[in-house]
Structure formats: C-alpha cells, structure tokens
Amino acid sequence: ELMGEMAGKRVESDTITYNAAVTACGRSGELVKALELLTDMAAKHVELDTTTYDAAIGACETDGEWSKALGLLAEMSAKSVELNASTYNAAISACGNGDEWAMALGLLVEMASKRVELETATYNAAVSACANGVEWAQ
C-alpha cells in the first residue's frame, strides 16, 4: 500500500525503498506481495541487488517455499547478482522448512564450489534442515 501511495504522490522508489518493502513483506509473512514487488522493480527498471534477493529468499524461508527460493537463486546467477553466505543461508533454511534436506545439503556443496564462505549460521541452517528431515547420518 505504501509503495502505491508513494507512486500516487510521484515519489520515485529506488532499490533501497523496495528492499525495505520486500523485507517488511517477508517479515510479516506476505511472500506473494514480496515477490510482486520484485516483478514491479523489474518492470520499472529498478535494480534488484543482493539485498533485494536476500529479502525475497528470506520471505520464502518463512513460508517454507524452498522451490521459489531456489528459483530466486537461479535468477540471481543468471543476472550475475552476487550470491553470498546470507543468501545461501536463507535458501538452506527455506529448504529445511520445506523438509527438503537433500536440497539444503546440495546448496552447501554449491557454496563450496563457488568459494562462498560457509559460516556458523550456514552449518546451523544445514543441521536444522537435516533435523527437520530426520537425516542426521548425512
């Protein structure tokens, strides 16, 4: 609603404004709205950066929408947007929330192959994903 109000008052929205809105949508469980904002950004030729995608993937994490999170990762790669540990952590958590522990472990392998530093949060997300899928032996 705020984005529409801003447009109505001819206030130009930039990447930072959209990132804040996507983050707010994600935190309030409004995944559909968060993804709509990404579409709106692209239509208005507003740059989607790592922070934008991190926020959207975080919204997917909240809803356990692992396939959408992986789709956003693929989109980032296709558009040469930097994928960092935070990006992967959210995607791994989304996989875990969706009981897709194998996908979560696959992301660990991908991180290593792309030389993205694995953080404590990364390992915690992976362990949680395995615990959700009851795959401790992995």
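User: Which residue's side chain meets that of K79 in a salt bridge?
Analyst: This is a predicted model, in which local features need pLDDT of at least 70 and side-chain atom pairs count only at pLDDT 80 or more, while totals for chains, interfaces and linings use all residues. Residues are numbered from 1 along each chain as its sequence is written, and side-chain values use heavy atoms, with hydrogens and water left out. A salt bridge requires a side-chain nitrogen of Lys or Arg within 4 Å of a carboxyl oxygen of Asp or Glu. At 3.4 Å, N to O, the side chain of K79 meets that of E75.

User: Which residue forms a salt bridge with K44?
Analyst: K44 has a relative accessible area of 47%, and therefore counts as partly exposed. The side chains meet at 3.4 Å, N to O, and the partner of K44 is D40.

User: How far apart are the closest N and O atoms of E110 and K114?
Analyst: E110 is partly exposed at 26% relative accessibility, and K114 is partly exposed with a relative accessible area of 42%. These two residues form a salt bridge, and the distance between their closest N and O atoms is 3.5 Å.

User: How many salt bridges does a search of the whole structure find?
Analyst: Among them are the pairs K44 with D40 and E110 with K114. The number found by searching the whole structure is three.

Conventions. Buried means under 20% relative accessible area, exposed over 50%, partly exposed in between (1.4 Å probe, protein chains only).
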